[in-house]
Amino acid sequence: MLDGSLWPSHTLLVNERGADADWLGGVPFLVAYSLGDAHGLMLLKFIGGIFTAMIGWKLAGDARTAETSVLVGLGMLASLASWDVGAPFWDALGIVALCWCLRERDSKLWPSLLVLGIWSQLGCLIVVGLATWSVARCFGEPLSDETSVSLLRKRSLLEILLAVVVCSLNPRGVFALWDSLRLAVPRLASDGATLLETEWRPLLAGPWEVSHVAFVVLTCLALCGLLRRTLTPAFAIVVAIAIGLGWTCRAHVGFAGIWLSQLLIRCAQQIALASEVAPAPRLSDQCPEGLTPLRSLRRVTRWRVVLVLVTLVLVAWWPWEGRRPGWGLDSRLDERLLSRAISNFSGEGTVWADDESSAGICLWVTNQQRKVFDTPHRALLGGRLREFASRRRDLEQGRLAAYQREDQSAGGWWLPLRERGTVLLMVSAQRSSLLRALEPTLWKPLTLDSPVLPFGQSGMAEVSPQILDVLRQRDLVENGVWSPGLLGPAGSDRLWDVWGFFGVSPNVEQELRQAQVFRAMQLPLAGQRVLEAALRVSTSRALQLAAAACQRDLAFDPVTEARTNAVELTVVPPEIDRCAACHAEQTASFTATGHHNALKPLDQKLTRELLGPATSSPPVDLLGVQLWLASDSGQFVSSSSRTAASVPSQWLFGSGKHARTPVSVWLNSEGAAESLEHRLSWYPQHGWDGTLGLGQTTESPLMATGFPGKDRRAALESLGKIHDPAATRDCFGCHTTHSEQTGDAHHLLGKQIVPGVSCERCHPGSEQHAHGMERGSNGRFPASWHSLTALESVNRCGACHRRADHFTREELHPDNQILIRFASVGLVQSACFREQTTILASQLPAGARSRMDCLTCHDPHQPAQSQAAYYTARCAACHDSAGRQCSQQPRDSNCLPCHMPKIEVQSPLRFTDHWIRIRKP
């Protein structure tokens with residue numbers, strides 16, 4: 001406790017590789033599980049729920065009516081999420097016990113302090129309990145005269161100080177209150193935009209469940225009480241806090257719901273006591289003129305009956321796929337299937353988890369042997385929630401490599417995971433977008449049927465056998481003779497729908513989850529099989545929608561979509577002329593640079609202009625692919641012996657210095673943009689030949705897979721390589737100045753696209769600067785490269801041309817032929833670059849170019865030089881001044897053949913090796 005008081009927990013949390021400072025709420029769960037396995041946890045949950053319901057009923061006292069019964073029921077419904085294993089369990093019990101201790105005006109001090117002390121050890125929202133206790137102690141007694149007011153204030157301050165001391169007697173020390181306050185009001189620790197991506201988003205932001213509806217009803221009842229002035233000031237303050245907690249943060253709905261129901265029950269009991277002191281007015285005295293007492297009684301009773309019926313209808317008919325009022329453990333917390341996949345994994349390294357449940361189950365299964373380097377809970381307290389949300393977003397969007405976000409921070413998930421030595425990813429089965437994004441990466445699932453799916457990295461000896469086993473399972477469920485039965489709940493002893501309100505099998509929710517996992521992993525036939533089994537026992541709307549989605553995947557024909565559903569993008573030319581008004585020298589030759597011509601919309605005129613007469617009839621026939629310019633439509637199309645129809649190309653990628661590759665773009669079955677990089681590319685000095693990295697096709701017919709959509713997709717791949725939405729976005733992202741995208745960056749919008757890399761791309765803010773200059777105001781100057789160090793300058797180019805830290809240490813060696821294509825990677829490995837003194841370009845004398853980076857030899861505003869003498873002069877600018885002479889050749893000789901030769905990576909492509917050294921043959 002002393003250590004926790006001296007060292008704030010949030011400081012420990014920032015040190016992710018050090019000890020974790022956290023709550024002790026998991027200890028009782030561990031004890032219950034050790035003593036009674038899953039039955040022990042269920043018994044703990046059962047006792048907590050029954051205790052809460054009994055306290056609510058006892059608080060009503062003599063006011064036990066239909067209204068109070070409904071309040072108890074609404075409170076239990078609103079708090080459904082609080083009774084699973086986790087910190088909300090103890091927060092709910094803590095506020096219930098505290099309300100019971102404060103049920104009387106002259107309640108004793110020590111029971112409530114005892115509750116606060118225990119709560120501070122187990123729960124997260126102790127600051128809420130302390131605030132409730134303080135309001136009750138300060139305003140819970142009537143104030144009669146000035147002397148009593150003074151004494152009450154002194155006593156209240158001492159009691160509050162004592163309560164703060166009691167709440168600080170825990171491993172987190174006094175900083176537990178500060179951490180708890182940030183969890184209760186997360187806007188104190190993060191911005192609203194980031195919170196929208198986490199469980200701390202507002203109530204209205206996200207799908208609704210029955211617990212949310214129950215909380216809304218409780219809120220309406222509380223507001224009615226406030227408007228009717230039936231609540232005391234103390235109750236009004238506490239009720240306002242409870243309502244604010246629930247509406248501003250979905251994670252607190254369960255806690256706020258049970259708290260609000262207890263407050264309203266207590267208020268009803270106080271009103272009942274007040275009515276006993278004063279003579280109860282007769283019913284006839286309350287009747288409006290012309291209304292008989294009997295009719296008035298019917299009116300009063302009618303709304304009570306309606307309220308009860310509405311509550312029952314909401315419970316019985318609310319979509320079952322949300323949390324259901326059973327006493328068993330949530331199926332999403334079942335760890336047994338996960339245990340089979342990772343319990344024997346003993347590799348060194350950390351684990352990344354997408355949410356608290358995934359992290360908790362991983363730690364539970366591995367007996368705390370794995371280090372989870374971050375969770376939303378810890379990220380919020382450590383001030384890293386934006387970083388955590390951005391990394392999770394990068395994973396969901398397939399953002400592998402580093403890139404610049406809108407706030408100019410560095411993005412991409414590859415580097416952070418590598419730096420932290422991550423060996424496992426734990427992903428909730430409900431996060432379909434993340435599962436889908438991981439499919440084309442090196443991370444492969446270690447199981448197919450767990451509520452939390454672990455992903456291991458291909459190539460690691462420790463997980464390779466498990467990955468191969470899962471690959472065999474995938475082939476079986478998708479292509480093999482496999483007919484699934486109902487998966488059943490996560491153990492019949494773990495999911496009890498004891499109320500029996502639902503005519504739905506308790507295992508349907510898991511069937512839906514499993515089908516979503518299969519579909520995210522591009523196994524729609526397996527998903528359809530699972531859903532067909534579930535639809536035999538249920539007609540759930542969610543199951544029907546999921547089955548329809550699988551049908552769309554199975555029936556999807558990429559060839560047809562590529563012809564009829566191409567993505568239409570409005571091309572907007574870059575505003576170079578506006579910059580030329582002041583920067584004529586830089587823009588004069590920029591239109592001839594490779595950056596400016598990196599992307600072209602492919603129309604009939606451009607086809608004939610750029611690709612020459614080879615596109616006319618008869619068609620080009622090479623590597624099993626035919627290309628021609630269709631005379632009827634004017635489109636540049638391609639086909640093969642496997643495609644039923646020709647596929648048009650809409651874009652040409654590449655500047656033309658090395659090659660130009662036609663690309664087709666269409667919308668897939670989910671409405672996301674996919675692209676086809678064609679197998680044949682145009683080489684200016686050579687003509688048509690194979691695209692770099694794409695091998696030749698074979699003419700043997702494909703084996704039938706039983707999945708028509710997959711067969712058609714394989715047929716389309718005979719024309720080239722299909723890129724998923726994330727890769728499509730990245731392709732356009734590097735070859736454009738600006739392309740509008742949706743918030744999840746998976747879809748290219750049919751709004752506008754600025755092809756090629758122009759001023760705004762390298763100088764963010766130049767467009768606003770140009771507008772300001774036209775209005776006679778300098779405005780804000782665009783970002784300048786002169787403020788970057790040499791490494792920052794190279795890495796800025798490397799955002800598209802690759803960076804050295806995109807590769808592993810094993811890949812960064814001189815004999816790796818892949819690196820030849822990526823000039824910026826080789827350059828930073830060179831002694832010329834590594835031995836230079838770190839210097840900013842702005843510190844160089846005017847006109848000096850002695851700093852070593854990409855701009856030393858390449859002016860991005862002009863076409864790349866082709867004369868060897870130019871580059872030799874660049875070498876001599878440093879080496880002559882340093883007195884270094886070549887021992888093999890005279891000073892005016894060509895340096896490039898020995899130190900920067902051109903290497904053929906694929907005929908006819910040749911690239912200059914920028915790893916400056918004496919290259920061995």
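Is Q522 buried, partly exposed or exposed, and what is its relative accessibility? Q522 counts as partly exposed because its relative accessibility is 46% (buried is under 20% relative accessible area, exposed over 50%, partly exposed in between, with a 1.4 Å probe and protein chains only).

## About the model

This is a predicted model, where local features need pLDDT of at least 70, side-chain atom pairs count only at pLDDT 80 or more, and totals for chains, interfaces and linings use all residues. Residues are numbered from 1 along each chain as its sequence is written, and side-chain values use heavy atoms, leaving out hydrogens and water.

## Two helices side by side

Take helix α23 (residues 508-520) and helix α25 (residues 541-555): their axes come within 10 Å and cross at roughly 20°. That angle is why α23 counts as roughly parallel to α25 (angles under 35 degrees count as roughly parallel, over 145 as roughly antiparallel, 65 to 115 as roughly perpendicular and the rest as oblique).

On the α23 side, V508, L512 and R519 make the contact, and α25 brings A542, L543, A546, A549, C550, R552 and D553 (contact means heavy atoms within 4.5 Å).

Most residues other than glycine have a negative phi, and most peptide bonds are trans. Back to Q522: it sits in the loop between α23 and α24 (524-535), and has a positive phi of about 60° although it is not a glycine.

L623 isn't a glycine either, yet has a positive phi of about 55°. Look for L623 in the loop between β9 (620-622) and β10 (625-629).

Finally, S907 and P908 are joined by a cis peptide bond, with omega about 5°. P908 lies in the loop between β21 (902-906) and β22 (909-912).

Key:
Axes fitted to C-alpha atoms, helices over the stretch in contact; angles between N-to-C directions. Helix = DSSP H or I, 4+ residues; strand = E, 2+ residues; numbered from the N terminus.
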